[in-house]
Amino acid sequence: VEVLMWYREHPCRDSFAWFKLQRLKAAVHYTVARICERLGEEHRREFSRQAVAAITETAVRQCDIFSKDLEAFARHAKRSTVSTEDVKLLARRSAALSIYIQNKVEELNQGQSLKKKSAVKRKSRETDEENRE
């Protein structure tokens with residue numbers, strides 16, 4: 001997403017950015033091909049090269065649209081950083097995606113609170129040990 005945003009602002013100005021964008025597209029294409037391959041095996045179907053390429057192009061373009069929307073949401077909130085709230089807002093049109101994102105955000109928040117608790121416990125133990133000495 002970061003590469004897409006930069007490239008959109010500086011089209012064809014930097015061959016390194018163009019190269020990074022092409023690598024990103026190649027990685028997406030590889031992943032789409034593997035997913036299609038796996039689904040094809042499960043459902044006894046085949047995906048043509050053109051279908052895989054079309055899915056890849058659609059995914060890359062959708063990511064570009066998402067990046068523009070996320071930037072706009074953050075800018076509207078007068079922030080320079082995209083937040084989880086922006087991502088949840090982006091996903092609001094798809095109930096399934098919205099639920100998935102909400103669950104991931106909750107998982108991340110739980111993980112962060114566990115890390116904070118363990119850091120507090122560690123600091124408390126260190127303080128107790130220093131006081132004993």
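Let me begin with a definition: a salt bridge here is a side-chain nitrogen of Lys or Arg within 4 Å of a carboxyl oxygen of Asp or Glu. Before I apply it, please keep in mind that this is a predicted model, in which local features need pLDDT of at least 70 and side-chain atom pairs count only at pLDDT 80 or more, while totals for chains, interfaces and linings use all residues. Residues are numbered from 1 along each chain as its sequence is written, and side-chain values use heavy atoms, with hydrogens and water left out.

By that rule the count comes to 6 salt bridges, and I will go through some of them. In general, side chains of opposite charge can pair when their charged atoms come close.

Take E107 and K104, whose side chains meet in a salt bridge at 3.6 Å, N to O. For accessibility I call a residue buried under 20% relative accessible area, exposed over 50%, and partly exposed in between, with a 1.4 Å probe and protein chains only. E107 counts as partly exposed because its relative accessibility is 47%, and K104 is likewise partly exposed, at 35%.

A second pair sits in helix α3, where R61 and E57 are 4 residues apart and so are separated by about one helical turn. Their closest N and O atoms are 2.9 Å apart in the salt bridge, with R61 exposed at 55% relative accessible area and E57 partly exposed at 32%.

Now, how far apart are the closest N and O atoms in the salt bridge between R79 and D86? The separation is 2.8 Å, and the partners are placed as follows: R79 is partly exposed at 33% relative accessibility, whereas D86 is buried, with a relative accessible area of 3%.

Staying with burial for a moment, S67 is found in helix α3 and is buried, at 1% relative accessible area. The C-alpha atoms of S67 and L90 are separated by 9.8 Å, these residues being 23 apart along the chain.

Turning to the backbone, most residues other than glycine have a negative phi. R44, in the loop between α2 (15-43) and α3, has a positive phi of about 55 degrees although it is not a glycine, and R44 is exposed at 77% relative accessibility. K78, which lies in the loop between α3 and α4 (84-90), also has a positive phi, of about 60 degrees, without being a glycine; K78 is exposed, at 76%.

Finally, which residues make the nonpolar surface patch of about 300 Å²? They are I35, L39, F47 and I55. Patches are made of residues with over 30% relative accessible area and no salt bridge, like charges being joined within 9 Å and nonpolar side chains (Val, Leu, Ile, Met, Phe, Trp, Tyr) within 5 Å. The accessible areas come from the Shrake-Rupley method with a 1.4 Å probe, and for residues only the protein chains shown count as cover.

Technical notes:
Helices (H or I, at least four residues) and strands (E, at least two) are DSSP runs, numbered from the N terminus.
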